[in-house]
Structure formats: structure tokens, C-alpha cells
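Biologist: I'd like to learn how to read a fold, one feature after another. Please start me off with the model itself.

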Amino acid sequence: MGASLIFGFFSYKGEIMPKVVENDIIRFHVIAASDNPADQELKLRVRDEVLTYLYPRLKTVKRREDALNVIKNELPHITAVAQNYLKTQGKDIGIKVEMGKFYFSERSYGEYLVPAGYYDALRIKIGKAEGHNWWCILYPHLCFADWGRIEPSHVKSYYLKSLFIKKFKKTIKKG
């Protein structure tokens, strides 16, 4: 699957289509132990702890491959951050932190559509991981934009345009 990103709504055979994001992304996925409100809140707190830890390590990364390397190298520390947070909350439940390719159904991310498919992702499963999940795009840095750490317009104008330009150049070369 090639990378693609299309800005704005566009017309295809007379239909208005949404912006599309594929493959040059890394997703972050946190799955709660259950749908109990306390477990759902715990999921969000674990997410915040992990994003707080990852932000200084990923904020200057400009290439997907570099982001993957940082995340893979930090997995033991990410696991410790999540486990330590659970301990501070008096929670004695298991947690699994993994990096891999996982299937995701189609989702919208603000004005962007992320098609169903397999994506590289940092995944955290809390307890039995039977509850609703939370996800974002970890690279480019949209998780941090949503989280208020990076100005969203900067993220969209720099990272997303660079993905679009790469796809556009590939399309021109093929055509």
C-alpha cells in the first residue's frame, strides 16, 4: 500500500469525498479494561502519562522511520510509565504495551478520513482490554496537536503537506 494524503474535499465522479490519510502514519491506541466509567477515565489518564513521556522524545522527529525507532527503543520505558501510573492509582491490573501492525476499521480524525487497514501502532491494553478504546495519530504529531502541545495549524501545514507532496510526486512519476 502506498502512502497517500489528499487535502480538502475533492470531487470524484461528481461525489464530494473527504480528505484521506494512509500509511505514512503511526497510530496510538489505548484500550480500557472495560466500559465502566472508572476504567474509561483510567484509560485517558494512562494515555496522558504516555503522551507526556513521549512528547519530548518525538517532538523534533521529522521522519516516520525515526519515530518508529524512537517508539521501539522506548517501549520498556513506556511500559514502566504506564505500570507506575497504575500503581500510583492503587490499580493491580495487568497492562500490555506493544508496537506492531494492527488492523483498524475506518475512522475519521477531525476532517481527515483514515481508511480501514493495517497500521503501525503503539498499543496499550489495560487489564482484559474489553472496553472502548481511544486512538490518535502519533506520527505525524497529531496526538500532540489534539492534546494542545503543538499548534495544530503547524502540524497540518508542515507534516501533512509534506505527505501530500510525496504522494503527488509519486503520482506524477507513475503517470
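Modeller: Happy to! Helices (H or I, at least four residues) and strands (E, at least two) are DSSP runs, numbered from the N terminus. Here, helix H2 is followed by glycine 90, which has a positive phi near 70°. This is a predicted model: local features need pLDDT of at least 70, side-chain atom pairs count only at pLDDT 80 or more, and totals for chains, interfaces and linings use all residues. Residues are numbered from 1 along each chain as its sequence is written, and side-chain values use heavy atoms, leaving out hydrogens and water.

Biologist: Where in H2 does a kink lie?

Modeller: A bend is the angle between axes fitted to the seven residues ending at a residue and the seven starting there. In H2 the kink is about 60° and lies at leucine 75, shortly before proline 76.

Biologist: Which residues of H2 are buried?

Modeller: Buried means under 20% relative accessible area with a 1.4 Å probe, protein chains only (exposed is over 50%, partly exposed in between). In H2 the buried residues include Leu68, Ile71, Leu75, Ile78 and Ala82. The buried residues of this helix pack against E5, H1, E6, E9 and E10.

Biologist: Which residues have the most contacts inside the largest nonpolar core?

Modeller: Such a core joins buried Ala, Val, Leu, Ile, Met, Phe, Trp, Tyr and Cys residues through side-chain atoms within 4.5 Å. The largest one has 32 residues, and Phe28, Val46, Val50, Leu122, Ile124 and Leu138 have the most contacts inside it. Among the elements giving it two or more residues are helix H1 (37-58), helix H2 (64-88) and strand E9 (117-126). H2 gives the largest share, 9 residues. Another core, of 9 residues, lies apart from it and includes Phe102 and Trp135.

Biologist: What is leucine 122 in contact with?

Modeller: Contact means heavy atoms within 4.5 Å. Leaving aside neighbours within four places in sequence, the partners of leucine 122 include Phe28, Val50, Leu75, Met99 and Leu138. Methionine 99 stands opposite leucine 122, a residue of E9.

Biologist: What is the strand order in the open sheet?

Modeller: Strands pair if DSSP finds at least two bridges between them. The open sheet has 4 strands in the order E6-E9-E5-E10, with mixed pairing. E6 and E10 are the edges with a single partner strand each, so one side of each has no neighbour in the sheet. E6 and E9 run antiparallel, joined by 10 bridges.
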